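The following paragraphs lead through a structure in stages, from one side chain to the contact between chains. Please keep the sequence and the 3D view at hand while reading.

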Amino acid sequence: MEVTPRVAEVDVRLVNVTKKFGDAIAVDAITLDVSDGEFFTLLGPSGCGKTTTLRMIGGFEQPTSGLIELKGVDVTFLPAYERDVNTVFQSYALFPHLTIYENVAFGLRRSGIKGDELKRRVGEAMELVQLIGYEKRVPAQLSGGQAQRVALARALVNEPAVLLLDEPLGALDLKLRKQMGIELKRIQREVGITFIYVTHDQEEAMTMSDRIAVMNKGRYEQLAGPETLYERPSTRFVAGFVGASNLLEGKVGSDGDDWTVTLPSGAVVRAPKSLGDIGSSGAIGVRPEKLTLLERGQQSKGNTLEGTVVDTSYLGVITQYVVEGKGGLRLLVSEQNIDRTTRSDTWRPGEQVTLTWKPEHGFVVGDAASA
Amino acid sequence: MGMIRRHPALVPLLLLLPGLVWLVSFYLAPNIQMFASSFWSGTLESGFSFSFSNWTNYTDALGKYQQQYARSIQYGFAATLICFAIAFPLAYFIAFKAGRARSALLFLVVAPFFTSYLLRTIGWRTILGDDSIILGPLKAAGLVDPAARFLDTPFAVIAGIAYNFVPFMILPIYVSLEKIDRRLLEAAQDLYATSWGAFRRVTLPLAMPGIFAGSLLTFIPAIGDFINAELLGNPNTTMVGNVIQRQFLVDRDYPTAAALSFMLMVLILAGVALYGRLLGTDELTSKAI
């Protein structure tokens with residue numbers, strides 16, 4: 001089971017929050033705590049309910065049932081403008097008729113802040129996102145990355161208890177996305193505000209988050225830090241959504257301290273019970289980089305499977321192989337290209353190989369979530 | 001085709017050509033002709049002669065018909081205000097609240113155009129008549145004086161103008177409201193603006209191009225209108241449009257009619273320029289419609 005550290009101060013608490021649109025259940029009885037100063041991410045494919053969850057925290061949707069608390073206060077039915085929460089919208093939603101300065105000052109002005117304090121705080125926010133000198137422009141004159149920074153400044157300048165970010169990097173190109181991701185993390189550390197971040201990009205989630213809730217069909221399947229999610233995914237969905245996985249499906253059994261799975265080919269693979277509960281219909285999984293390829297016939301301790309290389313792709317840092325075994329088994333293997341310059345005898349399609357990995361390097365997924 | 005390929009710079013010119021030909025032949029040329037005739041003297045029977053010394057046509061016309069000018073401005077202004085009061089809430093409703101009924105409602109807005117302008121205005125005689133659907137029941141109930149009437153009053157003229165031009169106010173306002181990204185309103189509320197605050201700080205400023213376009217499209221034809229004053233008014237509600245129409249078509253006093261038309265045009269242009277300046281236009285006109 002997942003061990004969530006008991007947090008000193010809870011910023012946002014969701015208790016049994018459900019949201020229905022007509023008959024469709026968008027969010028299905030979610031309960032979670034986000035602690036003070038945390039970078040918390042809701043990760044999942046489109047339609048998993050992550051944005052709806054965020055919108056309910058922001059006050060743009062009201063839950064069908066359940067409770068939302070902010071700093072210990074029930075805000076379930078409080079309108080957006082009365083919540084100490086600000087949002088960075090997916091498309092930024094900058095006010096096109098206002099200058100950058102007035103965009104950033106908007107929230108402060110509504111809270112009655114003016115004069116020197118207004119000027120100082122807008123200035124600080126502009127500095128934080130490195131946009132000094134852009135005050136007099138209008139949003140149409142900004143690039144995507146700059147607009148993104150303004151959206152961030154416009155929200156952060158209000159010093160909210162919690163900042164909500166709805167796929168803020170989605171509209172940027174890959175390089176800028178990575179750069180802004182690092183930037184976001186820096187800003188979050190600098191201001192110390194709790195971030196709740198929504199994304200469908202697992203890489204983005206992994207690099208920035210303290211904790212990630214992986215969502216599917218209106219619930220989260222696993223809530224953990226990036227490392228745990230990757231090393232110990234607890235459901236098939238999480239194993240497939242976060243990084244690449246090989247899932248070994250078959251007849252589940254138990255042998256001493258190990259779980260065993262008997263594959264259709266008759267081969268048996270094992271994993272220590274300490275990795276998690278396999279239930280009655282779970283599976284053993286292993287990440288592609290934990291597999292080692294050996295020439296057929298070479299002996300190895302641990303799990304071994306036999307197969308044939310059917311595809312290789314050179315990806316710079318690694319080379320990726322697809323290996324086919326008996327009974328329709330297909331496994332993804334990645335090898336680091338450490339020896340590449342001195343060794344040219346990489347595995348070629350058609351070669352017979354033995355795959356091996358240590359049982360404790362695998363992971364165990366439990367019974368399919370009752371959907 | 002070969003020429004276009006070799007000289008791509010010609011493309012914009014070619015695209016402009018039909019409009020340019022049209023405007024030069026049917027707008028610029030008649031206007032020059034009219035400008036010239038405003039410096040004529042004489043009558044249709046004895047023939048007209050041109051002289052710049054006939055600039056007195058302008059002062060004479062202005063002296064004689066300043067009341068009609070003033071009335072035109074007042075009526076046009078009042079009708080535009082009424083149009084705005086009706087159009088903004090309606091356009092807002094269609095753009096934000098109507099959902100799937102949107103196209104049907106927009107169709108209803110333009111539906112009156114399927115009936116002739118003249119016929120619709122005559123229809124208002126029936127509506128505003130002394131024993132009409134409005135006044136009849138009120139009089140029967142003893143709520144208004146039995147001698148009260150709407151017809152042949154300034155009220156009837158202004159109501160007629162407002163009725164006839166209200167679609168020109170609704171459509172541009174609708175377009176500018178419809179274009180507003182709903183997330184901007186959420187962003188405003190996220191930044192502590194109440195619903196009213198979001199309306200005032202975001203919706204209204206973003207609707208300004210539509211309001212600007214709509215009020216011009218209403219005010220300009222309203223100020224030159226003569227049908228409504230003719231059909232719904234009395235001799236004391238004549239507008240400058242009525243005078244021009246009579247001078248041109250009944251009295252055949254072309255010089256006076258031309259001078260009156262020209263002054264009306266200058267008046268409108270000056271008004272539009274001032275209005276544009278007040279609303280800070282460049283951007284507005286370019287974003288309108």
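Does R177(A) count as buried, partly exposed or exposed? The model shown is a predicted one, and in it R177(A) has a relative accessibility of 22%, so this residue counts as partly exposed. R177(A) pairs with E204(A) in a salt bridge whose closest N and O atoms are 3.9 Å apart.

R186(A) is partly exposed, at a relative accessible area of 27%.

A further salt bridge joins the side chains of E231(A) and K290(A), at 2.7 Å from N to O. This pair links distant parts of the chain, 59 residues apart: E231(A) is in helix α7 (residues 226-231) of chain A, and K290(A) is in the loop between β15 (283-286) and β16 of chain A. E231(A) is partly exposed, with a relative accessible area of 27%. Over all chains, the count of salt bridges comes to 31. Side chains of opposite charge can pair when their charged atoms come close.

The backbone of chain A has features to inspect as well. Most residues other than glycine have a negative phi. N16(A), which is not a glycine, has a positive phi of about 50°. This asparagine lies in strand β1 (residues 10-21) of chain A and counts as partly exposed, at 44% relative accessibility. Q130(A) likewise has a positive phi, near 55°, and is found in the loop between α3 (115-128) and α4 (144-156) of chain A. At 49% relative accessibility, Q130(A) counts as partly exposed.

As for confidence, the mean pLDDT of chain A is 91, with 95% of its residues at 70 or more. Within chain A, strand β3 (residues 39-43) has the highest confidence, at a mean of 97, and strand β16 (residues 292-295) the lowest, at 88.

Chain B contains 13 helices and two strands. Its C-alpha trace spans about 80 × 75 × 35 Å along the principal axes. Of its 289 residues, 40% count as buried. Among contacts in chain B between residues at least 6 apart in sequence, 67% join residues at least 24 apart.

How do the two chains meet? The interface brings 17 residues of chain B into contact with 22 residues of chain A. About 1900 Å² is buried between them, and carbon and sulfur atoms give 62% of this area. On the side of chain B, D190(B), L191(B) and Y192(B) lose the most area, together 41% of what that side buries. Seven residue pairs are in polar contact between the chains. Helices α8 (182-190) and α9 (195-224) of chain B are the elements that give two or more residues to this side, and α8(B) gives the most, with seven. By class, the side comprises nine nonpolar, three polar and five charged residues.

One salt bridge crosses the interface. E186(B) and R55(A) form a salt bridge through their side chains, at 2.6 Å from N to O. Through shared partners, salt bridges join K19(A), R55(A), E61(A) and E186(B) into one network.

Key. Residues numbered from 1 in each chain as written. Chains lettered and ligands numbered in written order. Heavy atoms only, no water. Contact = heavy atoms within 4.5 Å. Buried area = accessible area lost by both parts, 1.4 Å probe. Salt bridge = Lys/Arg side-chain N within 4 Å of Asp/Glu carboxyl O. Polar contact = N/O pair within 3.5 Å; in protein donor to acceptor, adjacent residues only side chain to side chain. Helix = DSSP H or I, 4+ residues; strand = E, 2+ residues; numbered from the N terminus. Nonpolar A, V, L, I, M, F, W, Y, C, P; charged D, E, K, R; others polar. Buried < 20%, exposed > 50% of the residue type's maximum accessible area, 1.4 Å probe, protein only. pLDDT = per-residue confidence, 0-100.
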